[in-house]
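This briefing goes with the sequence and the model shown below. It moves from single residues to the whole chain.

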Amino acid sequence: MNTNITPVLLGADLNCYNVARAFHEQYGVHSYAFGRYPVSATKYSKLINFTQITDIDSEPVMLKTLTDFAKSHKGEKLVLFGCTDDYATLIARCRSKLPEYIIPYPDAALQPIISKKAEFYELCDKYDIPYPDTYITDREMKASELTENNLGFKYPIIIKPSSSVAYWKHPFDSMKKVYTSADPEESEKIIKEIYASGYDDKIVMQEFIEGGDSQMRVFTAFSDEKGRVRAMCLGHTMLEEHTPHGLGNHAAIVTEPVSGFPLAEKLKAMLEALGYTGFSNFDIKLRPGTKNDFRVFEINLRQGRSNYYVTAAGMNIARLAAEVYTDGGDSLEKCEKKFFWHHVPRSVAYKYTEDKELVETAKKLAKEGKHASSVWYKHDFRTNPMRFLCAAEQLRRQKKKFKIYYPVNK
């Protein structure tokens with residue numbers, strides 16, 4: 001235990017709780033978190049000292065808050081995490097003004113090159129990393145321009161903003177993380193709604209790769225301060241969330257050996273060529289009917305919302321940030337074992353996962369004790385009945401959400 005380590009988190013969601021839990025498991029320490037408002041994922045947790053600051057996402061307020069905190073915690077090893085895209089981007093931009101903190105994120109100069117999907121696909125071309133067939137626009141388009149012949153691929157198609165950070169700053173009623181369009185007329189409507197909200201960056205249209213959630217993979221890498229990849233972990237998605245705003249968030253994952261993943265070395269080579277530092281997180285899909293035709297969707301410039309799948313599999317992200325980031329070494333950790341992580345009740349993961357062979361793997365791992373839930377942490381329940389009730393309610397609501405948004409005939 002190193003009680004001199006002090007985790008400082010911006011956010012309050014599941015990502016924040018997963019990071020705080022990792023620090024508690026590794027070092028026995030509590031985290032300090034600053035967020036705009038309390039969130040059920042972290043509410044009543046004894047692991048987190050939460051302070052509500054409504055404009056913490058403002059650069060001057062964030063800098064003052066973190067600078068003041070550092071002054072009052074001199075002599076401690078401060079490790080700073082951003083738990084949303086906004087916070088991670090803000091932290092990276094202000095890195096030079098926060099010298100007291102370890103900041104496991106890429107340099108601000110890299111942000112515009114890789115954080116936006118359109119620019120990221122240009123890098124994929126350069127480093128021979130496959131991605132879905134893609135068409136990019138920076139304006140509203142008519143249905144006559146959005147035909148299969150013009151796009152170069154068939155309907156249905158996927159539509160998504162290139163810049164997630166800019167997109168979520170302009171909320172509207174029909175807003176979704178990702179859209180599926182059945183025809184040119186629907187594509188015209190979706191694009192028009194996105195731009196009408198005030199969003200002013202590019203929009204990405206892509207071929208729809210068939211297959212359910214279990215065709216997805218999530219790949220997490222960690223690079224030290226010198227840009228060397230020091231850890232890699234591969235997750236086979238069982239199930240994703242299906243609410244409009246949560247679409248694509250992982251709900252259950254089984255880790256698989258990195259050594260058997262054909263894109264691992266290509267992604268590692270790209271990250272090291274870029275001089276990337278800190279956490280990176282890739283969303284990837286396997287074409288159905290193939291064994292190795294994986295297509296990369298995007299990179300997240302931070303630890304993923306479901307980062308506890310990495311910690312639970314034996315690669316604690318708190319240790320990576322607090323120790324490996326600055327240790328000057330050159331070792332590479334690869335997660336080679338199977339482990340079952342779930343944010344939803346196991347019964348939900350078993351019921352809604354389409355790949356029944358993967359379900360049987362998860363059940364076997366659960367029987368062997370090789371499974372963990374992000375919200376179910378006994379050390380946070382002791383003498384803390386409100387946290388227990390809050391966690392139980394979160395799991396109950398997950399059952400309801402899947403019943404509404406992912407119906408099956410069972």
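Between which strand and which helix is the place of Ser162? Ser162 sits in the loop that runs between strand S7 (157-161) and helix H7 (164-167). The model is predicted, and the points below are grouped by topic.

**Ser162 and its surroundings**

- Ser162 has a relative accessible area of 0% and therefore counts as buried, the cut-off being under 20%.
- Setting aside residues within four places in sequence, Ser162 is in contact with Ser115, Lys116, Lys117, Ala118 and Glu119, and also with Tyr199, Lys202, Ile203 and Val204.

**Overall form**

- The protein has 14 helices and 17 strands.
- Its C-alpha trace spans about 65 × 50 × 40 Å along the principal axes.
- The radius of gyration is 21 Å, which agrees with the value near 22 Å that a compact globule of 410 residues would have.
- Of the contacts with a separation of 6 or more, 69% are between residues 24 or more positions apart.

**Surface and charge**

- Of the 410 residues, 55% are buried.
- The accessible surface comes to about 17600 Å², and carbon and sulfur atoms account for 50% of that surface.

**Nonpolar cores**

- In soluble globular proteins, nonpolar side chains tend to be buried together.
- The largest nonpolar core here contains 62 residues.
- The residues with the most contacts inside this core are Leu10, Phe23, Met62, Leu80, Phe81, Leu98 and Tyr101.
- Helix H1 (residues 14-27) supplies the largest share of this core, seven residues.

**Lys77 in strand S4**

- Lys77 belongs to strand S4 (residues 77-82).
- With a relative accessible area of 29%, Lys77 falls between the cut-offs of 20% and 50%, so it is partly exposed.
- Lys77 and Thr3 are 74 residues apart in sequence, while their C-alpha atoms are 9.3 Å apart in space.
- When residues up to four places away are not counted, Lys77 touches Asn4, Ile5, Thr6, Ile102 and Ala322.

**Backbone exceptions**

- Most residues other than glycine have a negative phi, and most peptide bonds are trans.
- Tyr155 and Pro156 are joined by a cis peptide bond, with omega about 0°.
- Pro156 is in the loop between helix H6 (148-151) and S7.
- Tyr44 is not a glycine, yet its phi is positive, near 70°.
- The loop that holds Tyr44 runs between strand S2 (31-35) and strand S3 (48-52).
- Tyr44 is partly exposed, with a relative accessible area of 39%.
- Asp128, also not a glycine, has a positive phi of about 60°.
- Asp128 is located in the loop between helix H5 (117-126) and strand S6 (134-137).
- The relative accessible area of Asp128 is 52%, which is over 50%, so Asp128 counts as exposed.

How values were computed: Residues are numbered from 1 along each chain as its sequence is written. This is a predicted model: local features need pLDDT of at least 70, side-chain atom pairs count only at pLDDT 80 or more; totals for chains, interfaces and linings use all residues. Side-chain values use heavy atoms; hydrogens and water are left out. Helices (H or I, at least four residues) and strands (E, at least two) are DSSP runs, numbered from the N terminus. The radius of gyration is taken over C-alpha atoms; the globule rule is 2.2 Å times the number of residues to the power 0.38. Buried means under 20% relative accessible area, exposed over 50%, partly exposed in between (1.4 Å probe, protein chains only). Contact means heavy atoms within 4.5 Å. Accessible areas come from the Shrake-Rupley method with a 1.4 Å probe; for residues, only the protein chains shown count as cover. A nonpolar core is a set of buried Ala, Val, Leu, Ile, Met, Phe, Trp, Tyr and Cys residues joined through side-chain atoms within 4.5 Å.
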